[in-house]
2 protein chains.
Amino acid sequence: MNIGIVGAGNVATHLVKGLVKAGVNVPFVYSRTLASAQVLTAHLPSGTATSSPDLRSLPYCDVYLLSVPDQVLPTLLPQLRFPEGAIVAHTSGTQPLELLASLPNVATGVFYPLQTFSKEKELDWRRVPICVEASTQKAEEALTQLGQKISEQVVLMQGTDRRQLHVAAVFACNFTNHLWGVAQEVLKTADLPFNLLEPLVQETVQKAFQFPPFAVQTGPAVRGDASTIQAHLQLLQHQPQYRALYQTLTESIQTVHEKPPFSEKQA
Amino acid sequence: MNIGIVGAGNVATHLVKGLVKAGVNVPFVYSRTLASAQVLTAHLPSGTATSSPDLRSLPYCDVYLLSVPDQVLPTLLPQLRFPEGAIVAHTSGTQPLELLASLPNVATGVFYPLQTFSKEKELDWRRVPICVEASTQKAEEALTQLGQKISEQVVLMQGTDRRQLHVAAVFACNFTNHLWGVAQEVLKTADLPFNLLEPLVQETVQKAFQFPPFAVQTGPAVRGDASTIQAHLQLLQHQPQYRALYQTLTESIQTVHEKPPFSEKQA
């Protein structure tokens with residue numbers, strides 16, 4: 001199986017590393033910036049970097065994976081030329097499969113790895129769920145097979161479900177990471193190291209996947225501990241952005257955990 | 001060392017279990033509700049449950065740990081009678097040491113375990129940082145020694161720092177747990193299981209403690225990917241509470257990662 005990579009960002013970088021590690025042949029990496037493609041081909045046993053969008057002049061690939069920012073796809077797609085009969089799949093959590101429908105004489109697909117990718121951090125692909133969708137049965141099988149070469153968890157998933165998953169991932173990953181950044185900033189005002197919080201965070205994660213998170217919610221908001229909440233808001237007075245976040249999240253917790261009116265009447 | 005426990009909530013429950021496991025003697029548990037105290041003494045090799053606030057009539061303890069809700073402390077404290085010369089410490093992240101100053105003829109302290117406690121979840125006390133503060137050198141040493149019996153990490157910490165730590169813990173634990181609950185609710189609309197997100201969340205945690213979280217922020221907000229953000233807000237239109245959270249957190253990420261005005265001018 002030959003896999004062509006289009007893109008040279010975080011996802012493309014980790015894809016290249018993961019595919020090479022799994023023994024998959026990657027004959028080339030395309031990027032609009034040749035130098036970026038060259039950075040990735042350095043990871044390949046052998047492979048060409050290219051910035052020319054006519055991919056037909058390069059070795060034939062069974063699958064072309066498009067790992068470029070969502071906003072770049074619509075302008076890039078009309079420029080790319082793929083060989084007849086290939087499978088072209090994007091790796092976006094949000095974009096529909098149909099976005100690729102205009103590509104002539106190819107089968108299309110989605111190959112969405114549910115993970116957060118940073119170039120500076122090595123990644124264990126075995127534990128990355130890969131969500132696959134395709135325009136033909138054959139393409140679905142090929143993408144599933146490709147996914148299974150690098151991951152233990154390949155899931156067939158329609159676009160509507162994948163988009164919900166992507167929204168959930170933003171809450172579960174991007175937003176929580178932001179809150180850890182805020183926690184670090186709050187600790188800095190007391191010269192305390194961030195890693196003091198690591199056992200707490202790990203316990204919170206363990207608990208959230210052992211019980212439904214809402215069922216094991218702790219803290220002043222769910223306790224209705226108004227005096228602690230007031231004290232915390234007071235402490236955050238010189239960090240108005242974090243103070244507003246504290247307030248919004250406290251209210252959100254209290255809305256979720258509020259007993260409905262009828263039960264108050266019954267009590 | 002004899003330790004008396006005042007309270008029967010989540011923290012008291014885990015304290016009793018942790019102390020017993022470490023071989024520390026706990027002669028009694030006090031709770032305003034006798035039945036609650038009895039639930040905890042069931043964990044003790046031998047020990048009395050009591051709801052009588054005169055603790056002088058019970059076996060002498062070197063340290064009395066007060067694990068009751070913050071709002072209960074001010075009304076409970078004037079009722080409790082401790083033997084002369086004992087150490088009385090509360091376990092609150094927010095309350096000052098000075099709250100205990102009115103207790104006659106005892107040394108006072110704080111013994112704050114930085115962790116999230118749920119009765120349904122077993123806990124590894126070895127990895128729980130314990131923050132200690134005390135009114136006398138001797139009390140500080142005793143509380144440190146007690147902490148070291150159950151945990152590998154005992155930290156001396158002033159009240160002002162402890163309060164900042166507590167605020168940071170609310171962001172790092174309570175608020176992130178809430179977001180995982182929201183993620184689970186979002187997944188439910190697509191009948192997807194929450195554990196699909198587990199590798200993503202674990203990678204996010206690993207990364208956040210390996211690099212500063214703000215430095216490894218990913219997702220549509222930090223990329224300035226307006227079309228994905230709009231698509232997500234659209235998908236959340238029937239869950240207005242989560243939609244508002246999405247918007248607030250997206251704005252907060254963009255505020256943190258925005259280049260300051262002067263650098264825009266330089267660009």
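1. Salt bridges between the chains. In this predicted model, two salt bridges cross the interface of chain A and chain B. One salt bridge joins the side chains of B:Lys121 and A:Glu203, at 3.4 Å from N to O.

2. Four helices of chain A, namely α5 (159-188), α6 (198-210), α8 (226-235) and α9 (240-257), each give at least two residues to the side that touches chain B. Which helix supplies the largest share of that side? The helix is α5(A), with 26 residues. Sorted by class, the side of chain A that touches chain B holds 48 nonpolar, 30 polar and 12 charged residues.

3. Extent of the chain interface. Contact involves 90 residues of chain A and 90 residues of chain B. The size of an interface is often given as the accessible area lost when the parts come together. For chain A and chain B, about 9000 Å² is buried between them. Carbon and sulfur atoms account for 69% of that area. On the chain A side, A:Lys121, A:Phe171 and A:Phe209 lose the most area to chain B. Together they make up 9% of what that side buries.

4. Two domains in chain A. Domain 1 covers 2-157 and domain 2 covers 162-266. Their centres, taken over C-alpha atoms, are 37 Å apart. Domain 1 of chain A brings 14 residues to the contact, and domain 2 of chain A brings six.

5. Area between the domains. About 800 Å² is buried between domain 1 and domain 2 of chain A, 60% of it from carbon and sulfur atoms. In domain 1, the residues that lose the most area to domain 2 are A:Thr94, A:Tyr112 and A:Met157. They give 46% of what that side buries.

6. How many salt bridges are counted between domain 1 and domain 2 of chain A? The count is one. Within chain A, A:Glu133 pairs with A:Arg162 in a salt bridge, with the closest N and O atoms 2.8 Å apart. Strands β6 (107-113) and β7 (130-134) of chain A each supply at least two residues of the domain 1 side that touches domain 2. That side has seven nonpolar, six polar and one charged residue.

7. The annotated span. An unreviewed UniProt entry places "domain: DUF2520" at residues 128-253 of chain A. This span is 67% helix and 6% strand. Its end C-alpha atoms lie 30 Å apart.

Technical notes:
Residues numbered from 1 in each chain as written. Chains lettered and ligands numbered in written order. Predicted model: local features only at pLDDT ≥ 70, side-chain atom pairs only at ≥ 80, totals over all residues. Heavy atoms only, no water. UniProt positions renumbered as here; feature names shortened; annotations may be inferred. Contact = heavy atoms within 4.5 Å. Buried area = accessible area lost by both parts, 1.4 Å probe. Salt bridge = Lys/Arg side-chain N within 4 Å of Asp/Glu carboxyl O. Nonpolar A, V, L, I, M, F, W, Y, C, P; charged D, E, K, R; others polar. Domains from an automatic or database assignment.
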